[in-house]
Number of protein chains: 2
Amino acid sequence: MTTPSTTGNPRPANTAAPAPGHVTTGPIRGSRKVYSSPAGHPEIRVPFREIALDPSANEPPLRVYDTSGPYTDSDAAIDVRSGLPKPRAPWLAARGFNATTPRGVKPEDNGNATGDHLVSPCPAPHSVIKGADGQLVTQYEFARAGIITEEMIYVAHRENLGRLKAAEGATDRLKDGNSFDAAIPEFVTPEFVRDEIARGRAIIPANINHPELEPVIIGRNFLVKVNANIGNSAVTSSAADEVEKLVWSIRWGADTVMDLSTGRNIHNIRDWILRNSPTPIGTVPLYQALEKVGGDVSKLSWEIFRDTLIEQAEQGVDYFTIHAGVRLQHVPLTANRVTGIVSRGGSIMASWCLNGHRESFLYEHFDEICDIMRAYDVSFSLGDGLRPGSIADANDAAQFAELETLGELTKIAWAKGCQVMIEGPGHVPMHKIKENMDKQLKDCGEAPFYTLGPLTTDIAPGYDHITSAIGAAMIGWFGTAMLCYVTPKEHLGLPNRDDVKTGVITYRLAAHAADLAKGHPAAKLRDDALSRARFTFRWEDQFNLSLDPDTACAYHDETMPREAHKTAHFCSMCGPKFCSMRISQDIKEDAARLAGMEEKSEEFRKAGGKVYVPAE
Amino acid sequence: MTTPSTTGNPRPANTAAPAPGHVTTGPIRGSRKVYSSPAGHPEIRVPFREIALDPSANEPPLRVYDTSGPYTDSDAAIDVRSGLPKPRAPWLAARGFNATTPRGVKPEDNGNATGDHLVSPCPAPHSVIKGADGQLVTQYEFARAGIITEEMIYVAHRENLGRLKAAEGATDRLKDGNSFDAAIPEFVTPEFVRDEIARGRAIIPANINHPELEPVIIGRNFLVKVNANIGNSAVTSSAADEVEKLVWSIRWGADTVMDLSTGRNIHNIRDWILRNSPTPIGTVPLYQALEKVGGDVSKLSWEIFRDTLIEQAEQGVDYFTIHAGVRLQHVPLTANRVTGIVSRGGSIMASWCLNGHRESFLYEHFDEICDIMRAYDVSFSLGDGLRPGSIADANDAAQFAELETLGELTKIAWAKGCQVMIEGPGHVPMHKIKENMDKQLKDCGEAPFYTLGPLTTDIAPGYDHITSAIGAAMIGWFGTAMLCYVTPKEHLGLPNRDDVKTGVITYRLAAHAADLAKGHPAAKLRDDALSRARFTFRWEDQFNLSLDPDTACAYHDETMPREAHKTAHFCSMCGPKFCSMRISQDIKEDAARLAGMEEKSEEFRKAGGKVYVPAE
């Protein structure tokens, strides 16, 4: 089941689906994995991806954020049966958590699958730990106590892209953006991270039972993150196929992955995913709880839900979507909507409330939920069960009533020591997006916002990765900390491998557009490097610096397939005969000789309009 | 060469490339062409596309704006050798323009192609007319004289989508948007159109030698328009193939098409395009002028350019991109840019200026250009030759110096009686987009803005239709009147048939997102109709109401291929067992019985939290 890299040199990525039982490995085109340690912490190794440029560029390699885990490391031996290395293991060991007797797997956890229908458990070793009362467990608790954890040091280094200074002239870059009163620093220190977490403005989803994790920070004053959703197939042919969905998503830039599996085998598949995931894994425990009662909403109970929380927390899930904001009193607010309740979790809870005419058990037992999640440091992702499913329903009473409830719950969760982020919409026309962000910041005490798009129109099924990327880029700019991707199949069907990649790349570009607009100090370095490559016809550099080098190269080759064209000083748009970039380079070379001329066009005119005049 | 429709009933669109010598015809899936006449003008027939809904919807057919021309009319007989019908012919005849002796085709107009290399002229009849001095010729001149033309009546009816009232409750809809101080009316009257044109805030590109035109209005207070670019292939196999590029672009929603052909045969190909185009055609005459001097910029002259303007104006080109804002004094401002000058026209003119160390002949002869363009009512599209080609160069001194010059030229063109729009960027990060719009409105007296994107990041070649759709939707919202599409191949290669469709649909959704956010009275009707179809599982209606019904249906069929699934009350995401939309419908039905409950959740609580209580 292993697919070891055969060479340490970059090689073209295998973008076709891997052989059965295998996952995609090998570096992304034109780059290699590097590790860098924060000053004073040689034991902490933070991964980056380094893109070497053509010698003619006379530029150092560009280091970029890397979500892809050991799978893109040429030196890593990948075996999904063994799971990934555990960078957090020594940090967690030092915190003195007690080993706990695991809850044990019950038949209903896997939908009572047996025999050939049962996916075997992941053989990777996993011992379960649990925090005790009075002990510091969560990143929030450490931060409030003034203690900087290894995870905080790790993410600080990661956000800085490994540089002591993110970029020369960082001050100018910050001034060049508009962050809408966020507090993005020029340089991210571990103390800044701690402070942001202590204020509740950022989270590091990091279950103490997920030692394989490469920590990620989610918050308005950090790089905008992207989540991808995966789910098991109706017929699961092998656990490796399910792991591959994760590997494929993070290869292209997913910062976190939500496992939305339903049906049989979800416990064991989740175990395979967690033991092989370097990224935070999120789930919606309600989905599994509903499976355990055969899909009959009326049979859902607090006891079943509670047991499911513990089951998943022990496995190492890093954040749970909890739809505790869908209260009985909110349900009638949706009655006149064009598209009612479109969140699956939201409609389950609304249905449960209506069934028995009773308050949500998630709301009523919220304190207990907090106690369980704190003991493993599972972060809250407070679900927006009443998010609008159409432009018509955006920013309505139901949506905002729930958001206000999420604000209440945020304060409770913080008081209990938990990390919290808040889920957001959905379908929202452009002029109503900012109101969502402003209200979320205000009602939820600046807890990180995590939105699905939003889609800015309803009329483009098949293109909803784009209708939503527009909203995602905007709300990311306004302050959303993480964007949940949307694929081209949204509203229509299940995404395939290509759809997942398209969704992730689309959301990476939206997140980057937001980082640029916010004035993140290091964001523009990649744009500038790529644009320089473009202007000087370094085609390979242009491909390699792009979010999807394989596609960029393939598109170029469709028109100009020969190898020689990759060094051609022209492109297919104008052809060799006449090229605006080439002419423009000539102009630049001419003008470069005219020192002092560049910004003095008036003077130039007075001097007689001659280009060739002596320098002053 | 004809492909007559064989039936008047909607049939699945032929989305594969047509047979050689043919163009794509037939209705778009699930819709039919209808014509509607403005009150009191039975002789004016304005086309729309009507989408019939399932009887269970109990809704009238939805009428949508239709750019596709007679090609989607089942009753139209299409023969590209004969050209299209000429709806404007009687209007133009009544204005008393003089027939003029055409300039005549010169060998260099077709790049001196001969024999087998020469594309034969289009046999469709075309007599050339020209306006005289002192005569009212342009839509601007008519508007200033207080005269409402047939073109104005036509576009008013078209913008209203054929309704006397665009929508019930239009006032609320307007209030629901934010148009940034635009003046979008609830209902578009011919007088409103005249007034907007007279103020210079809108144009109807409509050369008096283009009688085949179905008029289109471009302005901030109208629906946001989309332009698609086409260009001839290096090896032109047939004129019909070139016409097909036009037909394919307008089928999916291009409001105008720019023919950016270079090389041989461009005169004759342009003739085939114009005689078969129901949409305004734009060109960059500088490209052909450069061809005539063998691509040697130094040989360009005012005389050659002037002759090319007349050549193209006589053919019926509706708008010309004129890069008269690239002045000699601006060129040094680009010297320190990351990507110099990326506009082809801009670099030609900059090179010409530097070559002879002289002022641009376009700038120096601008008055004469106006006189020529006025005589045929060719609209100006004042080119942004110094638009930024990278995030680094956005909103810089070069770009804004040119924009200010375009403002000067706008006033000259208006004084000469011409219609004017202004081209804009380019590559601009989100936080710098609005400054472009505000400065353009101020400097150019509210003349319509026509932007290329802008792209909001440089790092996603292969996905630049998306990086730019983000910027396009935003700048469209802020006030841009027309968006020039970008295809996935931007920066990499020449777009193929699929790329063109993807580019057009992407820009249609961006333009629509802008219309929604501006609060255009009729925009939301389509979103609401589609969302209602989605919520009640009318799958066919959902496909047919979408911008690309073929793709929406194909994506659905990938997961749920059987015909029965198109009437299933569930979708592939949750499957039949558990469906949030279905549960939500049950909730809605329950709640609907609770009259007076919907927005009274507090009261509901006080009443004991019971869902089933008597109505007040």
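Let's start with the charges: between chain B and chain A there are four salt bridges. Keep in mind that this is a predicted model. One of those bridges joins the side chains of Lys489(B) and Glu558(A), with N to O at 2.7 Å.

**Who sits at the interface**
- Polar contacts across the interface of chain B and chain A come to 18 residue pairs, counting pairs with both residues at pLDDT 80 or more.

- Together, chain B and chain A bury about 9,900 Å², and 68% of that is on carbon and sulfur atoms.
- Ile459(B), Tyr463(B) and Leu492(B) account for 8% of the area that chain B buries against chain A, more than any other three residues.

**A sheet in chain B**
- Chain B has an open sheet of three strands in the order 1-2-3, with antiparallel pairing.
- Its edges are strand 1 (31-36) and strand 3 (62-65), each pairing on one side only.
- On average, neighbouring strands in this sheet are turned by 40° against each other, direction ignored.
- Strand 1 and strand 2 (residues 46-51) of chain B pair over six bridges, and Arg32(B) stands opposite Glu50(B) in strand 2.
- Helix 3 of chain B (residues 150-159) packs on the sheet and touches strand 1, strand 2 and strand 3, with its direction at about 15° to that of strand 2.

Technical notes:
Residues numbered from 1 in each chain as written. Chains lettered and ligands numbered in written order. Predicted model: local features only at pLDDT ≥ 70, side-chain atom pairs only at ≥ 80, totals over all residues. Heavy atoms only, no water. Buried area = accessible area lost by both parts, 1.4 Å probe. Polar contact = N/O pair within 3.5 Å; in protein donor to acceptor, adjacent residues only side chain to side chain. Pairing = 2+ DSSP bridges. Helix = DSSP H or I, 4+ residues; strand = E, 2+ residues; numbered from the N terminus. Axes fitted to C-alpha atoms, helices over the stretch in contact; angles between N-to-C directions. Contact = heavy atoms within 4.5 Å.
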